Amino acid sequence: MMREALFLVAVLLAFACADRPLKQKEIVEHVNSDPSIPWTATLHPRFEGYTVLEIRRMLGVPLIIRRNLETGAEASLPDSFDSRDQWPGCVGDIRDQGRCGSCWAFGAVEALSDRFCIGSSGKVKVILSAEDLTSCDSSDDGCNGGWPGNAWSYFQHTGCVTEDCYPYEIPSCHHPCGEPLPTPSCSKACKNGASWQGDKHFVQSSYSVEGEKDMMNEINQHGPIEAAFEVYEDFVTYKSGVYKHTKGAFLGGHAIKIIGWGSLNGDAYWTVANSWNTDWGDEGYFKILRGSDECGIESNGVAGLAKV
């Protein structure tokens, strides 16, 4: 309880601070000058000139919940695992949420799209619509944020159409990004002329996946999962290596897709797909410390079984 209380106080203090520019240059110099830090940083053009408030608007997951979790993986699991190698052709490309707090929707549709391919042995290859969730899921708040668990409940009860039916309407984030736009209204009509209801894809069930062991087992058996974690200023500058929070203020909660795990120079990590395009991080991916609930990433996993 003490840990959670201290974190909540830190969050409240962070959000009480006045808006200011991100301290990206200072953080890059700090990270890259310290050989004990297991990752490298860089200045990404995507976030050039951003303020704390502007980046917070892109982080669309409410306060991250941390739990006391069991750590340590099953001995029968491999030391490293990558869904791209296990199921070739089933893991989708890096996407771009644009200047919209829809990460919760992207992490969900990306993981479920992969699971349709995996669950059907490659017979069902779809790219599910992030716009369907962002605009039509009334239990969440579109570009102003949402809960990953709600997204998977939407899959179960309402279903999700494909990107061909309902393309994402927020522009990709070129340099610099455009101005923030309001959440597009829900049209419930396919742009390609297909039947809206006939294009819906569902999950059989949705559930939480928490703790290193259960997350590894779930990914190994069924494919990528969605998870959420705390983002701090230094994460924005990530380039390569195994990320661990080192410096900078708390910015908000962010949802992503975890596709596997491994270790690098003695540091266990998760392999994660972000939704900030391929020119951020390691071609759109990042590694984050595994086994210690770094930034709460092992407390906030969610998944479901595709209805194939």
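In which helix is Ala-111 found?

1. Ala-111 sits in helix H5, which spans residues 103-119; helices here are DSSP runs of H or I of at least four residues, strands are runs of E of at least two, and both are numbered from the N terminus. This is a predicted model, in which local features need pLDDT of at least 70 and side-chain atom pairs count only at pLDDT 80 or more, while totals for chains, interfaces and linings use all residues. Residues are numbered from 1 along each chain as its sequence is written, and side-chain values use heavy atoms, with hydrogens and water left out.

2. Ala-111 counts as buried because its relative accessibility is 0%, where buried means under 20% relative accessible area, exposed over 50% and partly exposed in between, with a 1.4 Å probe and protein chains only. Neighbours within four places in sequence aside, Ala-111 is in contact with Trp-152, Pro-224, Ile-225, Glu-226 and Lys-257, contact meaning heavy atoms within 4.5 Å. From C-alpha to C-alpha, Ala-111 is 9.5 Å from Leu-128, a residue 17 positions apart from Ala-111 in sequence.

3. The structure holds 4 disulfides, a disulfide being a pair of cysteine sulfur atoms within 2.5 Å. One of them joins Cys-90 to Cys-117 at an S to S distance of 2.0 Å. Cys-90 lies in the loop between helix H4 (83-86) and H5, whereas Cys-117 lies in helix H5, so this pair ties together parts that are 27 residues apart in sequence. The torsion about their S-S bond is about -65 degrees, so the disulfide is left-handed, and both Cys-90 and Cys-117 are buried.

4. Cys-100 and Cys-143 also form a disulfide, with their sulfur atoms 2.0 Å apart. Because Cys-100 is in the loop between H4 and H5 and Cys-143 in the loop between helix H6 (130-136) and helix H7 (148-157), the pair ties together parts that are 43 residues apart in sequence. Both Cys-100 and Cys-143 are buried.

5. Cys-165 and Cys-190 form a disulfide with their sulfur atoms 2.1 Å apart, and it is left-handed because the torsion about the S-S bond is about -85 degrees. Cys-165 is buried at 0% relative accessibility, and Cys-190 is buried with a relative accessible area of 13%.

6. Which cysteine sulfur is nearest to that of Cys-103? Cys-103 is in no disulfide, and the nearest cysteine sulfur is that of Cys-100, 8.8 Å away; Cys-103 is buried, with a relative accessible area of 0%.
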